[in-house]
Amino acid sequence: MSEVLYYFLGFTAIYILMGWALYLPYRVGQLHFLIVACMAVTAYFGGFAAREWGWPFILLLLVGISIGAIIAFVFSQAIGKAPCFTVVIVGLTSVFIVKTVIENWELLGGTIGFFHIPTVKYLLPIIYILLLIVGFLIYKIDHSRLGRAASVVFVDREVAVSLGIDIKKLGMFFQIIACAIAGMAGILDAFFVNSVSPEFFTFSMISYLMCILFVGGYTTMWGVILSAFILQGIPLLFPSEVASWRQVIYGALLVIIILIRPEGLISRKMLWGLKPKFSFNNK
Amino acid sequence: MEIFIAQLISGIALGSIYVLLVTGFNLMLLVAKIIQFAYPQIVVISMYTCWGVLQLTDNKFLVILAGITVSIILSILSEPIFRKITSTQGVDINASFIASMGMAMIIMDVMSHSINYGFPVAFPPEWIGGNLLSFGLITVSKGQLYALMGGIIAVLIFFYLLYRTNQGRFFRAIAENRYAACLVGIPIIKTSIFSYFIVGVLGGITAILFSMLIGSASPWLGEFVALKMLAVSIVAGLGNLKGGLFCGLILGILEAMAMGYISGSWSNAIAFVVMLVIVLIKPQGLFGSRI
């Protein structure tokens, strides 16, 4: 496999995981950027523990998931049912605080980054197996009572309360699952690139994740897959002069999609239209 | 004590810039019902315009005019986009936030590609002005004084407009109840466009004062400022104009104090930690949300 294809497939899978991590809390109307802070924390922890303490990859994967879930649990006590923009600002400030701590911590390589993280054999197939497992879990959540409850909360919180849905618990559940996925993505990213840099966890990454979610479509989990492949492929498909303007392209895509197709490329209505229609009259 | 006073003056000057930013942001939120996350990027591009004009001429009037004009143009250009979003999707604040994030990405990337090869720009000393007063460690620069005075005057004029004129009554009526305002004959679209104009003027003034205060601009400045503006607005309570005044000023002072007593790179983080704690304790903001 060529190096370009290898990295394309690896990064796309990691971004799909992160896109799903953003998609889940948005089911209840919360833009949860804390996932980026969780990814940064676990990427650095995973890299450091593997290089300095020799911790195995599988153990770190479990620790990464746990760290993400614990961080989310602590924060979700306060923001489990908070309005969207309170959650946004908690996420954005957390990313900035984590980044500042990393940049000022010499042990983690400061602004330069942390390098020489050990390699893991067959990492790409492992990433895709994990992607399938996470995808299956999200599919199951989406088609469960929890998923339907989340849809009601998204449309109308007052109706959800009158139906007996505990908005805080539901929000906490989605936030914890999202941060656990982000924690896993952080470990995978550290081992995939063999290094971690604070420059990776910036506003650009948050914007990119927003693009993945909203260009693909925020009403189903499939939109994230489609847009991650498209957006990740843009720099490869176009000449380098055009690809260097990818932030402009992503930004323009985001504005255009909100204007002409607010639900994104793949919407729930569209999927219903694709389902085979059964009728008792048909023979 | 000298450091404390020096940092307090610097903090109030910085705080007045945040107050201007949050006021413009809240006006958009209340009247146009949008989250204009790209507003600080418009301010930064106006700062770049001022820098560009300063390369051509020393005429300060032209520089100020250019900065304000660019801000007004960019603000009004964004109006049809937001109007389309709010008209097709009802009043969806989330959608406006996403679209404005896209705009912020475009403006930031254009600045980092096209202007000064992406490097930060420095304003000439004659624009910033030297030190006005100096007592031991306490120094008050002209930039600080301009930011402070300019901020106070701009906010006073804005609040006069809001509470003492017909146009201000229209603004407040729309903020209170859009449909009721429409029923009593207030021109919603015209008033909304006028709010974009006012925000453009405020953005231009902010850009000029900010460039005098910090003396430089970079493509990434808007990102930090946007984060602070949104944080102040949420800590105060979304759409709460008076709360925004108080919290903007406090953030400036807090940041300046942290800068004076703690290492520079940690000072921003300290301000963010404080805001994060407040948001976690009071998710609806200190003064209550008006949305």
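**Note on helix packing, domains and the chain interface**

1. Helix H3 (residues 57–79) and helix H8 (residues 167–193) of chain A pack against each other at an angle of about 145°, and their axes are 7 Å apart. The crossing of H3(A) and H8(A) is right-handed. Sorted by class, the residues in the contact of H3(A) with H8(A) comprise 18 nonpolar and seven polar ones, with no charged residue taking part. As with everything that follows, these values come from a predicted model.

2. Helix H8(A) also meets helix H6 (residues 145–155) of chain A, and here the two axes come within 11 Å and cross at roughly 115°. Angles of 65 to 115 degrees count as roughly perpendicular, and H6(A) and H8(A) are therefore described as roughly perpendicular to each other. The crossing in which H6(A) passes H8(A) is left-handed. On the side of H6(A) the contact is made by A:Leu146, A:Ala149, A:Ala150 and A:Val153, while H8(A) contributes A:Ile167, A:Leu170, A:Phe173 and A:Phe174. By class, this contact of H6(A) with H8(A) has eight nonpolar residues, with no polar and no charged ones.

3. In chain B, the pair to look at is helix H2 (residues 39–56) and H5(B), whose axes come within 10 Å and cross at roughly 25°. Since angles under 35 degrees count as roughly parallel, H2(B) and H5(B) are therefore roughly parallel to each other. The crossing of H2(B) and H5(B) is left-handed. The residues that make the contact are B:Gln41, B:Val44, B:Ile45 and B:Tyr48 from H2(B), together with B:Ala104, B:Ile107, B:Met108 and B:Met111 from H5(B). In the contact of H2(B) with H5(B), the division by class is seven nonpolar, one polar and no charged residues.

4. On the overall make-up of chain A, the secondary structure comes to 13 helices and zero strands, and the order along the sequence is accordingly given as α-α-α-α-α-α-α-α-α-α-α-α-α. What radius of gyration does chain A have, with its 283 residues? The value is 19 Å, which agrees with the figure near 19 Å that a compact globule of 283 residues would have. Along the principal axes, the C-alpha atoms of chain A fill a box of roughly 65 × 45 × 35 Å.

5. For chain B, the secondary structure comes to 13 helices and four strands. The radius of gyration of chain B is 19 Å, close to the 19 Å that the globule rule gives for 291 residues, so chain B is as compact as a globular protein of that length. The box filled by the C-alpha atoms of chain B, again taken along the principal axes, is roughly 60 × 45 × 35 Å.

6. The domain assignment divides chain A into domain 1 (3–201) and domain 2 (202–272), and the C-alpha centres of domain 1 and domain 2 of chain A lie 19 Å apart. The contact takes 22 residues from domain 1 of chain A and 14 residues from domain 2 of chain A. On the domain 1 side that touches domain 2, helix H1 (3–26) and helix H5 (123–142) of chain A each supply at least two residues. Of the elements on that side of domain 1 of chain A, H1(A) gives the most, with twelve residues. By class, the side of domain 1 of chain A that touches domain 2 of chain A has 17 nonpolar, three polar and two charged residues.

7. Between the chains, 34 residues of chain B are in contact with 32 residues of chain A. Which helices of chain B each supply at least two residues of the side that touches chain A? They are helix H4 (79–88), helix H5 (93–114), helix H11 (221–236) and helix H13 (264–281) of chain B. The largest share of this side of chain B comes from H5(B), with 13 residues. The side of chain B that touches chain A has 25 nonpolar, six polar and three charged residues by class.

Methods
Residues are numbered from 1 along each chain as its sequence is written. Chains are lettered from A and ligands numbered from 1 in the order in which they are written. This is a predicted model: local features need pLDDT of at least 70, side-chain atom pairs count only at pLDDT 80 or more; totals for chains, interfaces and linings use all residues. Two residues are in contact if their C-beta atoms, placed from the backbone, lie within 7 Å. Ala, Val, Leu, Ile, Met, Phe, Trp, Tyr, Cys and Pro count as nonpolar, Asp, Glu, Lys and Arg as charged, and the others, Gly among them, as polar. Domain bounds come from an automatic or database domain assignment. Axes are lines fitted to C-alpha atoms, for helices over the stretch in contact, and angles run from 0 to 180 degrees between N-to-C directions. Angles under 35 degrees count as roughly parallel, over 145 as roughly antiparallel, 65 to 115 as roughly perpendicular and the rest as oblique. A crossing is left-handed if the near helix is turned anticlockwise from the far one by less than a right angle, and right-handed if clockwise. The radius of gyration is taken over C-alpha atoms; the globule rule is 2.2 Å times the number of residues to the power 0.38.
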